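Hi,

Here is the structure I promised to pass on. Have a look at it first, and then read my notes below.

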Amino acid sequence: MNCNELVELVTEYLEGTLPSADRQRFDEHVAECNGCTNYLGQMRETITLTGTLTTDDVSPEAAETLIVAFRSFTADS
């Protein structure tokens, strides 16, 4: 597995839905790649922190910026 593949699979990995063969390849890559180890840690931290957010925590301006960014991202995909 390379770094790009890992990024594509990180959500499934963290949700526990990654097939066992891919999970093993994922774990092997993380064990040898400091960049991906850091990325995985950042994703876990992001999930932990955003799990505590409520809609009241996000200003209307920030919410609109995020909506525009997400729409742009999905339109480009």
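This is a predicted model: local features need pLDDT of at least 70, side-chain atom pairs count only at pLDDT 80 or more; totals for chains, interfaces and linings use all residues.

Residues are numbered from 1 along each chain as its sequence is written, and side-chain values use heavy atoms, with hydrogens and water left out.

The chain has 4 helices and 0 strands, which are DSSP runs (helices: H or I, at least four residues; strands: E, at least two) numbered from the N terminus. Along the sequence the pattern reads α-α-α-α. The radius of gyration, taken over C-alpha atoms, is 15 Å, well over the 11 Å from the globule rule (2.2 Å times the number of residues to the power 0.38), so the chain is more spread out than a compact globule.

Now for the rings. There is 1 aromatic pair (ring centres of Phe, Tyr or the six-membered ring of Trp within 6.5 Å). Tyr 13 and Phe 26 form this pair, with 3.8 Å centre to centre and 15 degrees between the planes, which counts as stacked (under 30 degrees). Tyr 13 lies in helix H1 (residues 3-15) and Phe 26 in helix H2 (residues 20-32), so the pair ties together parts 13 residues apart in sequence. Both Tyr 13 and Phe 26 are buried.

Best wishes

Technical notes. Rings of Phe, Tyr and Trp (its six-membered ring) pair if their centres lie within 6.5 Å; planes under 30 degrees apart count as stacked, over 60 as edge-to-face and the rest as tilted. Buried means under 20% relative accessible area, exposed over 50%, partly exposed in between (1.4 Å probe, protein chains only).
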